[in-house]
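Here are some notes for a colleague who is looking over this entry. Please read them alongside the sequence and the coordinates.

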Amino acid sequence: MPPDDADTEAIAEQVFVALADPTRRAILAALAAGGPATATDLAGRLPITRQAIAKHLGLLAETGLVTAAPGERRRVRYRLRSAPMQVAQQFLAALARDWDGPLGALKDHLDREG
Amino acid sequence: MAFPDRIERTVEIAHPPARVWAALTTAEGLGTWFGNEATIDLRPGGSARMSWEGGFTAEMRVERVEEPTVFAYTWHIFGLPEDDPRRTYVEFTLEPAGPGTRLTVVESGFAQLPEDAFRKAYDGNTEGWAKELGELAAYLDAA
């Protein structure tokens, strides 16, 4: 069953809230660039404590932006979950679509042709 | 609704519909005001393409050609990855307005959902690049 608009809104909001925080942006960027990683791996790559990273990963997992592979607590590997990002992308696509510019250019083009 | 599916604009243009039609549906017109270069096979199902300086291109599929009132196409959603199957539908409607034209453009389909957005199966570790890379390894092993 397709989700209703409220679900879609909620998913987009979670993505934007996650991206509003620089630490979470850094964690998501590291997972996007380097693939699945543990909190310890990420602490080695980012100027953030392991505890802070673990806290943010827990929050990101709760909202479905990353998923945790089953495993021993300190060895849990997290990976990006792209589906919510795809929902947020379509919101950005609508905002990024510019028709005012091209329509203005169309008018100018016809006026120049005389 | 804060999540727009369609974008609509209407502009009054001081030129007759035939002139506006030519600007919208010919390679010469599209390549001047919209893209830097364009090609178009003007029939339903035909392909059109625009390119801009800097290497950006847009591939369109012509959907409606009803001269001189309706021209429509679908195209890839701007800003989404190349392999994303989602497309929006763009429809231009031309109405005579005195000596000029009232041109309406509606682009719809922004709120369509990616097919896998809500599928739990997508979470599996077998999906995505891990799977693609596994298939590549298997292909190379078999060769």
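**Notes on the model**

1. Arg77(A) is found in strand β3 of chain A, a strand that covers residues 77–80; the model is a predicted one. Arg77(A) counts as partly exposed because 18 other C-beta atoms lie within 10 Å, whereas a buried residue would need 20 or more and an exposed one 12 or fewer.

2. Leaving aside residues up to four places away in sequence, Arg77(A) touches Pro36(A), Ala37(A) and Thr38(A), and also Ala69(A) and Gly71(A). Ala88(A), by contrast, is 11 residues from Arg77(A) in sequence and 24 Å from Arg77(A) in space, taken from C-alpha to C-alpha.

3. In chain B, 7 strands make up an open sheet with antiparallel pairing, and their order is β1-β7-β6-β5-β4-β3-β2. The edges of this sheet are β1 (6–13) and β2 (37–40) of chain B, each of which pairs on one side only, and the twist from one strand to the next averages 20°.

4. Which strands of chain B does α6(A) lie across? Helix α6(A) lies across β1 and β7 (100–108) of chain B, and runs at about 20° to β1(B). This helix of chain A, residues 100–113, has 14 residues and reaches 20 Å from its first C-alpha to its last, close to the 20 Å expected at 1.5 Å a residue. Gly114(A), whose phi is positive and near 80°, follows α6(A).

Notes: Residues numbered from 1 in each chain as written. Chains lettered and ligands numbered in written order. Predicted model: local features only at pLDDT ≥ 70, side-chain atom pairs only at ≥ 80, totals over all residues. Helix = DSSP H or I, 4+ residues; strand = E, 2+ residues; numbered from the N terminus. Expected span 1.5 Å × (residues − 1). Pairing = 2+ DSSP bridges. Axes fitted to C-alpha atoms, helices over the stretch in contact; angles between N-to-C directions. Contact = placed C-beta atoms within 7 Å.
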